[in-house]
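Let's take a walk through this model together.

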Amino acid sequence: MNGKLVISSSPHVRTIQSVQSIMIDVLIALGPVALVAVLLFGKQALITMAVGMGAAMLTEALWLRRWNIFGDGSAAVTGLLLAMTLPANVPWWIPVIGAAAAIIIGKQLYGGIGQNIFNPALVGRAILVFSWGSRLSGKIWPVPKPFHFFADISAVTTATPLAGEAEAMEVSLSQLLIGNMAGCLGETSAIALIFGAFWLFYKGHIDWRIPGGYLATVWIMGTLLGGGIYINPYMTGLFHLLTGGVLLGALFMATDMVTSPVTPSGKLIFGVGCGLITMLIRLYGAYPEGVTFAILTMNALTPLIDKFTIPRKFGEVKRLVRP
Amino acid sequence: MGAANFRGGVHPEHRKELTASLAITAATIPRKVVIPLQQHIGAPCEPLVKVGDAVKVGQMIGDSEAFVSAPVHASISGTVAAIEPYNHPLGRKVTAIIIEGDGRDEWCSELEPVEKVDDLSPEEIRARIRSAGIVGLGGAAFPAHVKLSPPEGKAIDTVIINGAECEPYLTADHRLMLERPEDIVFGLEVIMKALGAGRGIIGIEDNKPDALRVMRQAIEGKSDMSVVALKTKYPQGAEKMLILATTRRRVPSGGLPLDVGVVNHNVGTTVAIAEAVRKGKPLIERVVTVTGEGVKRPANLMVRLGTLAGDLLEYCGGLREDTCKLIMGGPMMGLAQPTADFPVVKGTSGILALTAEEAAVYENGSCIRCASCVKACPINLVPTFIAQAAEHGLFDRAEKLHAADCIECGCCSYICPAGIPLTQWIRIAKAEVLARRRR
């Protein structure tokens with residue numbers, strides 16, 4: 001013993017888990033989704049995702065004047081998630097601006113990791129939608145060309161299933177599950193999304209309540225209301241679950257730790273709220289899709305939800321009614 | 001049915017393999033002991049001896065008039081060298097009786113051995129346990145006779161013996177269960193008799209199958225006793241968690257186990273009670289697990305109270321060069337010590353020497369609201385919010401978030417990926433909240 005003993009408050013041991021290890025787990029979970037995106041949309045998917053991640057990490061490193069580009073890994077997650085909300089044929093500067101906006105406006109202006117109110121990736125996406133909406137959410141989407149890495153996917157376009165035109169409606173269940181349809185990079189393949197999310201469930205990084213509440217609400221409303229004001233026999237509960245960004249949103253965006261409630265019942269309320277707003281926008285709003293704004297709205301309500309859902313402490317005695 | 005369980009908790013590495021298979025051996029009787037006059041929760045003792053007096057092993061050398069207190073006894077024979085403040089593992093100096101040994105180990109017993117539980121009345125049992133100086137040996141050191149004296153109108157039907165030993169590294173209770181099962185069963189009988197309780201439960205974590213087997217054999221034929229396998233999870237041995245897991249009763253917030261008809265005692269305490277009755281032996285020694293990668297020869301030792309930690313570590317081969325933390329107790333709730341110059345007291349279940357690789361560094365990062373602490377808190381608190389309130393001095397808010405209910409088990413700090421010392425912040429809040437309530 002060299003005579004120098006450390007004095008600190010207990011406990012004296014700690015989990016090996018860190019913020020960085022959690023972020024790496026999220027990146028691993030997004031692996032299958034990214035892989036399917038590249039298989040479906042080829043090199044342009046790879047470029048968009050790489051540029052998104054790179055721009056996010058670089059922006060954060062510059063903002064924090066930090067040499068370690070990867071850092072805690074959260075910027076890489078934000079950049080990748082943002083790229084996954086973009087169509088494959090966007091020009092390279094779209095993910096760059098989106099990622100920079102996500103990091104600076106969505107995160108660092110609030111004080112950095114843990115302090116932001118809104119999901120940074122969705123803030124980035126919202127800014128892109130407002131600025132270059134026609135490139136992101138128009139009716140013309142590239143059709144995937146599976147296993148043609150070098151194909152020019154912009155050549156053939158179509159509408160997404162959600163857009164409402166009859167031709168877009170004609171998608172089979174297997175197409176929806178595998179993701180062989182028009183859409184954003186990370187949202188088309190249900191199987192890849194669910195597969196990836198299993199890793200996060202297994203590692204305990206996401207709680208069933210947010211995706212559970214979200215997906216159940218979407219399914220129930222879809223089953224009961226179908227197409228809403230747009231009468232459409234194709235639109236069933238399952239259709240609403242598997243199209244658009246619902247799975248990506250419910251499994252990877254709404255579950256963002258920083259911007260969702262910490263209490264168990266709060267998580268459930270948050271999930272149900274996301275599902276409700278998503279479906280209201282889809283069925284009765286002007287946009288075909290509502291995941292982004294549903295989650296951003298619920299992000300804003302998170303502090304309030306936490307405040308009113310503090311769990312009952314162990315052995316709490318119900319207050320007796322005074323006579 | 002699976003093992004008995006509770007909500008929350010964490011799974012720290014056990015690290016019990018260092019000492020779990022090592023039988024309890026007696027440490028050499030030290031040449032000097034330091035007996036603090038307060039080794040328990042309650043009133044400190046007044047010395048009954050003067051400097052220069054000759055004392056024998058087992059002789060009462062300090063006592064108090066107060067009900068919530070426990071006398072202290074000489075643990076070696078020799079002469080009183082000094083009565084002066086000395087380092088205490090709880091952090092400040094406490095008046096202690098320092099005895100220089102004569103090497104003869106002469107005993108004097110003030111208590112008559114009693115063979116059968118039925119030969120003693122509940123009052124006699126309580127008086128005997130008090131004069132034997134027995135306190136909770138799990139670490140809290142609450143006087144045992146007080147727990148055996150429930151107030152009027154509080155009927156106790158269940159006694160739970162805590163053999164969970166959920167703290168990593170520690171194996172003292174595990175070894176006692178393997179080596180002294182009859183004493184534990186006898187001690188439990190004594191406790192049940194004192195309380196008039198009809199049911200005795202011994203709770204053991206299921207990572208100690210050998211202890212479960214031995215204890216099940218030991219209670220064979222006793223219809224009023226049972227051994228319950230507990231799910232291995234920290235803090236399974238915490239009073240409220242143990243009671244919930246074994247009886248499904250919830251101790252009310254701010255209440256005591258006796259509010260739900262339960263009294264628990266630790267395995268070590270139960271053995272001490274058995275010895276006080278059967279052998280008339282006061283509490284002058286206890287089992288201490290000396291372990292950690294920093295200890296050259298880890299061991300489970302029967303140690304005379306008042307032995308200096310430094311002497312004990314030397315007996316275990318000394319410390320490795322890269323030891324960076326010395327802890328009294330387990331790694332989750334134990335107290336870091338600035339020096340090895342402190343005595344083993346009644347509540348010392350272990351002495352840990354951790355190397356830099358084992359000891360955690362808490363860097364107080366940014367909360368990413370991952371809710372790991374919320375999931376881990378066995379008391380259903382939201383640790384991160386209480387810690388934030390404490391950090392900003394918002395103690396009213398901390399109180400509303402039930403800071404006073406924290407049992408300081410350390411799960412939240414342990415699990416926090418951002419390395420925030422949540423337990424430490426909550427302790428600050430809890431102390432302030434409790435102080436305001438007293439005002």
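Leaving out residues up to four places away in sequence, A:I310 touches A:T263, B:V382 and B:L401; a contact here means C-beta atoms, placed from the backbone, within 7 Å. You'll find A:I310 in the segment after α13 (291–308) of chain A. With 19 other C-beta atoms within 10 Å, A:I310 counts as partly exposed. The cut-offs are 20 or more such atoms within 10 Å for buried, 12 or fewer for exposed, and partly exposed in between. A:S265 lies 45 residues away along the chain, yet its C-alpha atom is separated from that of A:I310 by 8.5 Å.

Before going on, some housekeeping. This is a predicted model, in which local features need pLDDT of at least 70 and side-chain atom pairs count only at pLDDT 80 or more, while totals for chains, interfaces and linings use all residues. Residues are numbered from 1 along each chain as its sequence is written, and chains are lettered from A and ligands numbered from 1 in the order in which they are written. The model scores ipTM 0.91 and pTM 0.92. Chain B has a mean pLDDT of 94, with 100% of its residues at 70 or more; pLDDT is the predictor's confidence in each residue, from 0 to 100.

How do the two chains meet? On the chain A side, 33 residues are in contact with 55 residues of chain B. Those chain A residues split into 16 nonpolar, 13 polar and four charged. For this tally, Ala, Val, Leu, Ile, Met, Phe, Trp, Tyr, Cys and Pro are nonpolar, Asp, Glu, Lys and Arg are charged, and the others, Gly among them, are polar.

Now for the sheets of chain B. Helices (H or I, at least four residues) and strands (E, at least two) are DSSP runs, numbered from the N terminus, and two strands pair if DSSP finds at least two bridges between them. One open sheet has four parallel strands in the order β11-β10-β9-β12. Its edges are β11 (225–230) and β12 (262–266), each with a single partner strand, so one side of each has no neighbour in the sheet. The twist averages 25 degrees from one strand to the next. Strand β9 (residues 158–163) is joined to β12(B) by five bridges, and B:I160 stands opposite B:N264.

Another open sheet in chain B has six strands with mixed pairing, in the order β1-β14-β13-β17-β15-β16. Look at β15 (residues 323–328): five of its six residues are buried, so the rest of the structure largely encloses this strand. Five bridges tie β15(B) to β17(B) in the antiparallel sense, with B:M328 opposite B:I351. β15(B) also pairs antiparallel with β16(B), over three bridges. Six residues separate these two strands in a hairpin, and B:G329 in the turn has a positive phi of about 105 degrees.

Finally, the largest nonpolar core has 235 residues, of which A:L185, B:I134, B:I273 and B:I386 touch the most other members. Such a core is a set of buried Ala, Val, Leu, Ile, Met, Phe, Trp, Tyr and Cys residues joined through C-beta atoms within 7 Å. Helix α1 (residues 19–41) of chain A gives the largest share, 13 residues. Beyond four places in sequence, the contacts of B:I134 include B:A70, B:T269, B:I273 and B:L283.

Terms used:
Two residues are in contact if their C-beta atoms, placed from the backbone, lie within 7 Å. Axes are lines fitted to C-alpha atoms, for helices over the stretch in contact, and angles run from 0 to 180 degrees between N-to-C directions.
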